Amino acid sequence: MASCAVEGGCASDYLAVAISAVCFILLLSRAILPFAVLKIPLPKRSGFWIPVIQIYASLNLLLSLVMSLNFLKFKKTYWWHSCYFWAVWIEAPLGFGLLLSCRISQAFQLYYIFVKRCLPPIRSYIFLPLILMPWIAGAAFIQIKRPLNNRCHMGIQWTIPVMSLHTLYVAILVGFTGAIWHIEFRFDELRDLWRGILVSAFSIGVWVVAYFLNEIHEDISWLQVASRFVLLVTASILVLAFFSISSSQPLLSKISLRKREPLSFETMGQALGIPNSGMLLPREPAPVIDPDVPLDKLLTNKRFRQSFMKFADSCLAGESVHFYEEVHELGKIPADDPVRRIYMARHIIDKYIIAGAAMEVNISHRSRQAILTTSNLAQPNLFNDALNELIQLMKTNLAKDFWSSMYFKKFKEEASLRSHELEQMTRWNHSPTTRLSAVHGVDDPFHQEQES
């Protein structure tokens with residue numbers, strides 16, 4: 001026991017390494033499987049790179065513990081085997097510090113979006129390095145003072161401030177989360193966030209105790225082995241819990257932003273569009289096909305909008321129509337559901353408004369700044385000015401060419417065919433000899449009472 005406590009390679013050490021490997025594999029599976037199996041589209045910007053950084057930080061944290069606490073028995077012959085490389089730089093700024101900073105960055109965004117109802121004043125790619133600076137400064141200070149011994153221990157006078165920094169960042173994360181507890185969230189993301197924080201806080205509490213025991217009692221062999229076992233196992237649970245909680249963009253990962261409730265029908269007649277009167281009713285009236293009708297009125301018709309969107313995409317100018325489509329969907333969300341409205345508005349801003357967005361629309365600086373600096377992301381007229389500008393742009397650049405395009409001719413033919421079918425259906429409905437009766441009961445079209 002005494003030999004492996006110092007040099008590593010105890011049975012409990014290999015068991016802890018195996019547990020940490022399993023936890024990290026589970027973490028990777030949770031990150032990859034939704035995209036590989038369920039074909040969920042990859043998130044963009046911070047929704048993509050923050051989880052990737054979390055995986056990187058989790059790997060660093062686990063590896064740093066394995067390498068610095070002598071879990072494996074090997075000779076430290078190279079510079080990258082040193083305690084300062086693993087215990088100072090990899091474990092702190094690139095491990096635990098980076099992991100907590102990612103979660104604080106996400107909680108910071110949630111706070112501004114749902115409590116302040118505006119975009120965060122600092123972008124994630126700026127905020128994350130800023131809150132990571134204390135860890136980098138601390139690591140540099142320890143590197144200069146070099147308090148570590150040959151077993152990577154630094155003594156009680158250094159352990160207390162180091163653990164205080166760990167605890168401070170956990171408290172900051174809890175504080176930001178506590179500031180949004182009163183928001184009526186959907187899809188249980190706040191509950192998941194709190195659950196993850198409680199598990200993580202408990203793990204960190206156990207981890208801090210084990211860290212102190214490992215640092216202070218170097219002369220007790222069994223305590224060294226047991227404390228480092230607890231350190232690695234709790235760290236493995238910590239990284240898995242942190243990655244499993246949902247707090248960044250839960251709507252994008254769990255459901256479509258355009259929420260659709262499943263349709264339910266009591267009778268087959270309702271499913272077929274046949275009411276109890278037996279008359280077939282059109283589900284959507286045929287649009288008025290007239291170039292003199294204002295474009296904004298024509299775009300309210302879904303079939304026309306889809307045809308116009310295909311034409312705009314063929315001209316490599318479809319972002320304006322796609323923007324109109326998403327703002328139109330945003331308008332369908334009830335005003336008493338601010339959470340979904342804010343999520344959808346943030347999605348539209350990230351996709352169309354911010355500079356360098358994937359489908360950045362051509363609007364005036366005044367309209368763009370009005371959206372980016374809004375004090376309420378849930379207001380119903382947030383995108384009105386931008387929408388009016390884009391409609392004028394579409395009238396000028398796209399509408400005239402659309403009327404002479406093959407897309408309009410095809411749309412016109414399909415609209416005429418639907419009008420003809422509806423006309424025949426109406427005549428059929430009013431014919432007393434051919435009117436359909438509603439389907440009731442077991443909805444079996446072949447059901448007949450058998451005569452005895």
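Q: How many disulfides does the structure hold?

A: The structure holds 2 disulfides, a disulfide being a pair of cysteine sulfur atoms within 2.5 Å. Bear in mind that this is a predicted model, where local features need pLDDT of at least 70, side-chain atom pairs count only at pLDDT 80 or more, and totals for chains, interfaces and linings use all residues. Residues are numbered from 1 along each chain as its sequence is written, and side-chain values use heavy atoms, leaving out hydrogens and water.

Q: Which cysteines form a disulfide, and how far apart are their sulfur atoms?

A: C4 and C10 form one, with sulfur atoms 1.8 Å apart; C83 and C152 form another, also with 1.8 Å between the sulfur atoms. Counted along the chain, the bonded cysteines follow the pattern 1-2, 3-4.

Q: Is the C4 and C10 disulfide right-handed or left-handed?

A: The torsion about its S-S bond is about 95 degrees, so the disulfide is right-handed. The link of C83 and C152, with -80 degrees about the S-S bond, is left-handed.

Q: Are C83 and C152 buried or exposed?

A: Buried means under 20% relative accessible area, exposed over 50%, and partly exposed in between (1.4 Å probe, protein chains only). Both C83 and C152 are buried, and C4 and C10 are buried too.

Q: What about C102 and C315?

A: C102 is buried, with a relative accessible area of 0%, whereas C315, at 39%, is partly exposed.
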